[in-house]
Amino acid sequence: CMYISGVPGTGKTATVHEVMRCLQYAAKEDDLPSFHFIEINGMRLTNPHQSYVQILKLLTGQNATADHAAALLEKRFSTPAPKRETTVLLVDEVRI
């Protein structure tokens with residue numbers, strides 16, 4: 001887990017996108033294991049619990065309520081699976 005903060009307009013999101021582009025290229029060239037990159041924008045969520053819904057939708061295409069999505073994601077990420085692809089999640093525009 002990594003948290004990046006700074007004043008608006010300093011290039012945080014652009015920097016992360018460039019790093020991800022480089023990592024995706026490396027994975028395409030078989031220099032890194034493949035991974036799944038998903039991104040959500042916190043400012044577009046009406047409720048923080050909606051992040052579960054969006055993450056599940058981006059990972060699986062499934063629609064679910066926030067509580068059901070949270071349960072499905074908990075199961076997905078806490079159940080060992082030998083061939084599960086790594087997931088990189090970017091949550092942008094988080095206000096704490």
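**Close-up views of a predicted model**

**View 1. E18 and R21 pair up in a salt bridge, their closest N and O atoms 2.7 Å apart.** A salt bridge here is a side-chain nitrogen of Lys or Arg within 4 Å of a carboxyl oxygen of Asp or Glu. Searching the whole structure turns up one salt bridge. The two residues sit three apart in helix α1, so about one helical turn separates E18 from R21. E18 is partly exposed, at 37% relative accessible area, and R21 is partly exposed too, at 46%. For these labels, buried means under 20% relative accessible area, exposed means over 50%, and partly exposed is in between (1.4 Å probe, protein chains only). A word on what you're looking at: this is a predicted model, where local features need pLDDT of at least 70 and side-chain atom pairs count only at pLDDT 80 or more, while totals for chains, interfaces and linings use all residues. Residues are numbered from 1 along each chain as its sequence is written, and side-chain values use heavy atoms, with hydrogens and water left out.

**View 2. Stepping back, the protein has three helices and two strands.** Starting from the N terminus, the order is α-β-α-α-β. Helices (H or I, at least four residues) and strands (E, at least two) are DSSP runs, numbered from the N terminus. The C-alpha trace spans about 35 × 35 × 20 Å along its principal axes. Of the 96 residues, 21% count as buried.

**View 3. Ten residues make up the largest nonpolar core: I38, I40, V53, I55, L56, L59, A64, A66, A69 and L73.** A second, separate core has five residues, among them M20, A27, F35 and L90. A nonpolar core means buried Ala, Val, Leu, Ile, Met, Phe, Trp, Tyr and Cys residues joined through side-chain atoms within 4.5 Å. In soluble globular proteins, nonpolar side chains tend to be buried together.

**View 4. Here is helix α2, with buried residues S51, V53, I55, L56 and L59.** These buried residues pack against β1, α3 and β2 (86–92). Take V53: setting aside neighbours within four places in sequence, V53 is in contact (heavy atoms within 4.5 Å) with A64, T65, A66 and A69. After α2 comes G61, whose phi is positive, near 85°.

**View 5. N41 lies in strand β1.** The N41 side chain reaches the backbone nitrogen of M43 at 2.8 Å. Leaving out neighbours within four places in sequence, N41 also touches D92 and E93.

**View 6. On the surface, V19, L23 and L32 form a nonpolar patch with about 210 Å² of accessible area together.** Patches use residues with over 30% relative accessible area and no salt bridge, joining like charges within 9 Å and nonpolar side chains (Val, Leu, Ile, Met, Phe, Trp, Tyr) within 5 Å. L32 sits in the loop between α1 (12–28) and β1 (35–41). With 33% relative accessibility, L32 counts as partly exposed.

Key
Accessible areas come from the Shrake-Rupley method with a 1.4 Å probe; for residues, only the protein chains shown count as cover. A polar contact is a pair of N or O atoms within 3.5 Å; within protein, one must be able to donate a hydrogen and the other to accept it, and residues adjacent in sequence count only if both atoms are side-chain atoms.
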